[in-house]
Amino acid sequence: MQQRLIVEGSDAIALSAILMKKGLPPPKGYRNPTKFKKEFVKEAGSISKIQAALGEQLDTPDVERIGIIIDADDKGATARLMSLLDFTQKKINVNLPKAELTEKGFGYQFTDNLYIGIWIMPDNKNEGYLESFIGSMIAENDKTWQFAQAKVKELAAQDFCQFTTAKTQKALVHTYLAWQKTPGLPMGTAVKAGFFNVETALVENFADWFKNTFTLE
């Protein structure tokens, strides 16, 4: 049995660090870090290439469990989910009785040998992306976080601001990371360093989705 995690970009690095912090074992057959990165994780490259990446895995023999993590962005979680499900049903010619996106994502046994789980960042409900998920792991009373929010808001009001409103959370999280004891760590490394709190309800939901989607060691 093979398992695959499809992501838009390099999200898997930060997310695997979060799951390790939560104490989850690796997917069965992918304990080796090199095998995890090269075989288990499939980076589509962008949201527009997600369906192609999914189609490739659906055509790969012995792939029985597929997890997909994509951003809601400004399209909305439900629209993202339905797009993937419409593609899957047409690809494998199986009708889905009911599609339900809950706080713990989506999961369905399409055939005896195919289970697909889908998580829409940040929380299967709101618009956003990975950084929105990561930002939820920072305490609201964190002084550096509060200061970053104030400064990013101040910058956003200037006519020379380069980021769009949709990218505000990305600017916030990376500003916050730039002001840590070790400035500018990548998100995955920052998770390992303890800069974020993994003991939240949202992270717990994500961990449950991962456990339901994949067979773990």
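Start with K22: setting aside neighbours within four places in sequence, K22 is in contact (heavy atoms within 4.5 Å) with V198, E199, V203 and E204. The side chains of K22 and E204 are joined by a polar contact of 2.7 Å. A polar contact here is a pair of N or O atoms within 3.5 Å; within protein, one must be able to donate a hydrogen and the other to accept it, and residues adjacent in sequence count only if both atoms are side-chain atoms. K22 sits in the loop between α1 (11-21) and α2 (33-40), and with a relative accessible area of 18% it is buried. Buried means under 20% relative accessible area, exposed over 50%, and partly exposed in between, with a 1.4 Å probe and protein chains only.

A word on what you're looking at: this is a predicted model, where local features need pLDDT of at least 70 and side-chain atom pairs count only at pLDDT 80 or more, while totals for chains, interfaces and linings use all residues. Residues are numbered from 1 along each chain as its sequence is written, and side-chain values use heavy atoms, with hydrogens and water left out.

Now zoom out. The protein has 9 helices and 5 strands, counted as DSSP runs (H or I, at least four residues, for helices; E, at least two, for strands) and numbered from the N terminus. In order, the elements go β-α-α-β-α-β-α-β-β-α-α-α-α-α. The radius of gyration is 18 Å, close to the 17 Å that the globule rule gives for 217 residues, so the protein is as compact as a globular protein of that length. That radius is taken over C-alpha atoms, and the rule is 2.2 Å times the number of residues to the power 0.38. Along the principal axes, the C-alpha atoms fill a box of roughly 55 × 35 × 25 Å. Buried residues account for 47% of the 217. Take the contacts between residues at least 6 apart in sequence, and 70% of them join residues at least 24 apart.

Q3 belongs to strand β1 and counts as buried, at 0% relative accessibility. Not counting residues up to four places away in sequence, Q3 touches P27, K28, Y30, E39, F40, R65, F214 and T215. Q3 and T215 are 212 residues apart in sequence, yet 8.2 Å apart in space, C-alpha to C-alpha. The Q3 side chain also reaches the backbone oxygen of K28 at 3.3 Å.

On to the helices. In α1, the buried residues are D11, A12, A14, L15, A17, I18 and L19. An α-helix has 3.6 residues a turn, so residues three or four places apart point the same way. Just after α1, G23 takes a positive phi of about 85°. In α3 (residues 50-58), I50, A53, L54, G55, Q57 and L58 are buried. Their cover includes β1 (2-7), β2 (41-43), β3 (63-71), α4 (77-92) and β5 (114-121).

Most residues other than glycine have a negative phi, and most peptide bonds are trans. D73, in the loop between β3 and α4, has a positive phi near 50° and is partly exposed, with a relative accessible area of 21%. The loop between β5 and α5 (130-135) holds P122, and the peptide bond from M121 to P122 is cis, with omega near 5°. N124 lies in the loop between β5 and α5 too; its phi is positive, about 65°, although N124 is not a glycine, and N124 is buried at 6% relative accessible area.
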